[in-house]
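Please read these notes with the model open beside you. They go from the whole chain down to single residues.

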Amino acid sequence: MVSALVNYYIDVNIALLATFGVWITVRFGLSRIGYRFSFQSEQNLIIAFIGLAVLAPVLVRVGSGLLPAHANVTDLLVSWYLGGGVDMSARQFQSLIGAKGAAVDELIHRDSWVTLLGLGLGAAAFGFFVARLGANAVSLHSILNNSFPLKKLGRVQVVASDRVEVPFTTRGWRSFYVVMPVAMIGDAWKMRIAIAHEMQHIRHGDVTWEYVWSLVHPLMFWNPAFSMFRKRLNVLRELLCDAALLSRQTFNKRRYCETLLSVAKNMAQTKARNNALAVPFVEPKRHLARRGQSSLEYRILYALELPSARKSLRFGHIGLMLTMSLAAMLILLLLQQPSEWSHDRIMLSTIANLEHLESLNSSSK
Ligand SMILES: [Zn+2]
């Protein structure tokens with residue numbers, strides 16, 4: 001049972017890193033030829049990739065007949081080694097390809113203090129992130145409790161609070177809450193834009209997804225693929241939300257961008273808080289992003305040139321399907337169990353045994 005869980009966890013993480021690699025490569029390739037995913041296809045693709053990673057262990061079981069028996073990373077490495085491609089002793093190489101199995105064993109039996117230390121640190125970090133999530137939930141709860149209702153739109157309650165500087169949305173079990181800063185109430189236009197923006201997030205399911213990622217985060221915090229995917233999803237949800245609103249004729253682009261800027265300006269003056277479990281109008285910290293161009297700047301530029309920004313490839317189905325199959329193949333290749341006694345494996349273990357004998361002989365002389 002424990003061993004199955006440890007195996008599952010490791011496999012999911014490997015699969016996530018693999019899909020991340022596919023995503024980065026395909027994105028880079030596309031940008032090289034002057035294209036990119038349309039934002040909607042990219043969002044779908046990333047969510048599908050994460051789903052693929054979660055189901056990877058099942059996928060490997062179901063799909064084991066799809067690839068030839070030797071198409072797994074261990075057998076490929078072994079035949080590469082026997083072909084002279086790696087300069088390493090056979091015994092070292094054997095322990096390298098057995099590394100994953102050894103890691104699972106070590107995690108289950110916890111013999112060495114290094115493993116204990118690593119597990120301890122991991123558990124401490126997990127505890128920290130769970131506690132932070134709890135603190136976030138408590139602070140959201142207290143903001144909602146101390147706010148006053150403005151209006152109710154179906155399952156959505158719009159409230160005002162004097163404790164926030166940036167409008168955001170969160171959800172309860174059944175209902176959603178759009179929280180507006182009190183300072184914004186005087187400005188009818190800004191209010192209208194910010195509420196419409198947050199309603200669009202709710203319609204698009206962004207708040208629920210934010211909950212999912214926030215809850216999964218403590219388990220996956222150390223996996224760079226998870227954080228990068230999440231970061232990208234956050235940028236995409238804003239771009240998609242802006243695009244959906246600006247495509248309605250009722251919204252004036254200039255006013256929309258001014259609202260974005262003024263909210264970001266208010267936020268820059270206050271301490272950025274960690275906003276798990278909520279979807280804000282403007283992301284904290286992100287208005288000073290990498291390489292000179294912030295994503296706020298990007299959002300505004302994108303909003304302004306929306307009609308001309310058509311160089312995105314609407315991959316439709318075929319391109320997405322190709323990318324998905326590529327990722328699935330890679331997962332199969334990485335996770336498929338090697339046949340323990342293939343011809344090449346026997347050869348490798350023979351060489352390793354001979355090496356061992358030789359070293360015993362030379363030390364006894
Ligand atoms: Zn937003």
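1. In the protein chain, 70% of the contacts with a separation of 6 or more join residues 24 or more positions apart. Two residues are in contact if their C-beta atoms, placed from the backbone, lie within 7 Å. This is a predicted model: local features need pLDDT of at least 70, side-chain atom pairs count only at pLDDT 80 or more, and totals for chains, interfaces and linings use all residues. Residues are numbered from 1 along each chain as its sequence is written.

2. The protein chain holds 14 helices and 7 strands. Both are DSSP runs, numbered from the N terminus: helices are H or I with at least four residues, strands are E with at least two. Of the 365 residues, 25% count as buried. A residue is buried if 20 or more other C-beta atoms lie within 10 Å of its own, exposed if 12 or fewer, and partly exposed in between.

3. Look at helix H2, residues 39-54. Its 16 residues reach 23 Å from first C-alpha to last, close to the 22 Å expected at 1.5 Å a residue. That expected span is 1.5 Å times one less than the number of residues. Buried in H2 are Glu42, Gln43, Leu45, Ile46, Phe49, Ile50 and Ala53. They lie on the same side of H2, because they cover an arc of only 165° around the axis. The arc is taken over the directions from the helix axis to the C-beta atoms.

4. Next, the sheet. It is open, has 5 strands in the order E2-E3-E5-E4-E6, and its pairing is mixed. The edge strands are E2 and E6 (279-280), each pairing on one side only. Helix H9 (residues 206-220) packs on the sheet and touches E4 (168-171), E5 (176-181) and E6. The direction of H9 makes about 70° with that of E4. Axes here are lines fitted to C-alpha atoms, for helices over the stretch in contact, and angles run from 0 to 180 degrees between N-to-C directions.

5. How many residues of E2 (148-153) are buried? The count is 0 among its 6 residues. E2 pairs with E3 (156-161) in the antiparallel sense over 5 bridges; pairing needs at least two DSSP bridges. Lys152 stands opposite Gln157 in E3. The hairpin has 2 residues between the strands, and Gly154 takes a positive phi near 65°.

6. Finally, Met329 sits in helix H13 (residues 318-335). Met329 counts as partly exposed because it has 16 C-beta neighbours inside 10 Å. Its C-alpha is 10.0 Å from that of Ala18, 311 residues apart along the chain.
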